[in-house]
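The points below are grouped by topic.

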Amino acid sequence: MAKATQQQKTTNSELKEAILTSKKSFFIVGFFSLFINLLMLVPPLYMLQLYDRVLTSRSEGTLYMLTGIVVILFITMALLEMVRSKILVKIGNKLDSLLSQRIFSSLFDLANKQPGKASSMPLSDLTSIRQFMTGNGLFAFFDAPWIPIYIAVLFVFHPYFGYFAIFAAIVLVTFTIFNEYSTKEKLLEANGLSIASTRYVDSNLRNAEVINAMGMKDNIKSIWQEKYYGFLNAQNSASNKAGTWSNISKSSRMMFQSLMLGLGGYLAIQDEVSSGMMIAGSIIMGRALAPLDLMINSWKGFNSARTSYHRLDALLEEFPKNREYMELPAPEGEILLEGVVVIPPGAKQPSVKGISMFIEKGDVVGIIGPSAAGKSSLVRAMLGLWPLASGKARLDKADISQWDKILLGNYIGYLPQDIELFEGTISQNIARFAEIDSEKVVEAAKKAGVHEMVLRLEDGYDTKIGVAGATLSGGQRQRVGFARAIYDNPVLVVLDEPNSNLDEQGEAALVKAIQALKENSTTVIIITHRPTILKVTNKLAVIKEGLLEAYGDTNEILSKMAEAVKAAQLQKQIVKPQATPEIPLSKRGN
């Protein structure tokens, strides 16, 4: 059963299927390789004819005719090599066009499932595979099947030539195997450490402001150096071993080629071969061994491409291509949670433990509770950002997983706790980088109370934000992010701590905007620690330790909470021990 499953996995590999779409092109490359390798026999045969025919006959006509034919054949071979290279480049470009967008999408799925582990490395892996497929290293694999043909020609010259060539080939193959086993583990280790080092740098660059302000750069650099030098040491060890075997292979090939001349000289002395055969045999054996030598020299690139292949294959398998969804009617904003359990990515314990609740269309729901209570995890489950360990999250009675995420995104507004703006203009960010509709952008900005603030900027809505919104203050980023969330009138708006960076004016604008959403029957969910914003909610949910402690009308829940606080204070006063009266010194015993 396991074997059948593994076979099915291999058969259904998306990366393998993408490569196999160019199967015909690979056959064409192989067909061209046939003629190229046959034409590789031209130099030794030309040499053979010069020594055995031209020099003995002293015929200039024969020399001119043979030379003309050789020139034409060499031009033909050059053209075939050029066409073969261009075909491989097209194969690489086709592979890139088939997979680059899929890999890009999978990276965002990975970032949702395993925050902090996603990086651009898979795109580099695709580049590594494409470069290997368009480089000289791949030619060795196309040329290697013709080694037996060259050896067969040597057998035609003399059996000793053939046997000696077989011995030399076995020696070089042995070097190739030793090269593989001596470098494989170190190259895998180097790749893993390289990824870890790159991720570490990327994650810290996002916090460069804190690192510089608090003098942490040297400490961070020390940790990075440990990872980076670990990668360098592993790579140097692998490169040294690969270089050793590469040099041994190259020297051995040259030695065998020279020894073939010596063998040919001996056979010529014995009148078993001609002087032309002696020279031609040496050249042919050099050509027969060349693919093996090239394999060893390009083994590092092959290993890198192979590792990249396995990583990409695992990524695409973990996040398969999105299935085509039946288009559902436009959502209205009704939410139903049925026993939702959420385990955050990388965690073992659930942060949401079996919460069930119903949110009607047009409800404005406040979610409150202590830090790490599971509030943000709950809204991520509502939006389908995190997978559920159990239970169901439904939007308009349909499981959130049944919605096409791209289409659904047009009906949802989301302002996360960590506001992220993207490199581009303010108008592009508000319009979610879709085609800019100026009226809708301005409308969203006015609703968010950010229109006048944007106009005060030097370039207004065309102001370049920069990476991560670096040119704006925290409050400005939060207000622009809110405008993006309510752009084009979504039916569901989720706000996670939307007033954490706002002043009184900004908070007043936020409350006014939420009130307008409420009047427009937009479903709004607000996570907050500030009670001032709760006045615009009509329902309130209290989350504690991943459990729904209370849910209902806002005023009723707040009244019950106030009564509970009073009761707790009264209980505390009742159980508080009475102070022992101090006894005057005059009445104390001796």
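In this predicted model, the largest nonpolar core holds 65 residues, of which L95, L99, I103, M285 and L289 touch the most other members. Helix α5 gives the most to this core, with 11 residues. Another core, of 36 residues, lies apart from it and includes V480, A483, V524 and I526.

**Residue L99**

- Leaving aside neighbours within four places in sequence, L99 is in contact with E14, L15, A18, L126 and L316.
- L99 of α5 takes part in the contact with α13, and L99 also belongs to the contact of α5 with α6.

**Helix α5 with helix α4**

- Helix α4 spans residues 42-57, and its axis comes within 11 Å of that of α5, with a crossing of roughly 180 degrees.
- Because angles over 145 degrees count as roughly antiparallel, α4 is roughly antiparallel to α5.
- On the α4 side, the residues in contact are V42, P43, Y46, Q49, L50, R53 and V54; they meet T62, L63, L66, T67, V70, L73 and F74 in α5.
- By class, this contact of α4 with α5 comprises 10 nonpolar, three polar and one charged residues.

**Helix α5 with helix α6**

- The axes of α5 and α6 (residues 121-133) come within 9 Å and cross at roughly 170 degrees.
- The crossing angle therefore makes α5 roughly antiparallel to α6.
- From α5, the contact draws on L88, I91, G92, N93, L95, D96, L99, S100, I103 and L107, while α6 supplies P122, L123, L126, I129, R130 and M133.
- Sorted by class, the contact of α5 with α6 has 11 nonpolar, three polar and two charged residues.

**Helix α5 with helix α13**

- Helix α5 (residues 60-113) packs against helix α13 (residues 299-318) at an angle of about 70 degrees, and their axes are 9 Å apart.
- Angles of 65 to 115 degrees count as roughly perpendicular, so α5 is roughly perpendicular to α13.
- The crossing of these two helices, α5 and α13, is left-handed.
- L99, R102, I103, S106, L107, L110 and K113 are the α5 residues involved, and their partners in α13 are L312, L315, L316 and E318.
- The contact of α5 with α13 includes seven nonpolar, one polar and three charged residues.

Key:
Residues numbered from 1 in each chain as written. Predicted model: local features only at pLDDT ≥ 70, side-chain atom pairs only at ≥ 80, totals over all residues. Heavy atoms only, no water. Axes fitted to C-alpha atoms, helices over the stretch in contact; angles between N-to-C directions. Helix = DSSP H or I, 4+ residues; strand = E, 2+ residues; numbered from the N terminus. Parallel < 35°, antiparallel > 145°, perpendicular 65-115°, else oblique. Left-handed = near helix turned anticlockwise from the far one by under 90°. Contact = heavy atoms within 4.5 Å. Nonpolar A, V, L, I, M, F, W, Y, C, P; charged D, E, K, R; others polar. Core = buried A, V, L, I, M, F, W, Y, C linked by side-chain atoms within 4.5 Å. Buried < 20%, exposed > 50% of the residue type's maximum accessible area, 1.4 Å probe, protein only.
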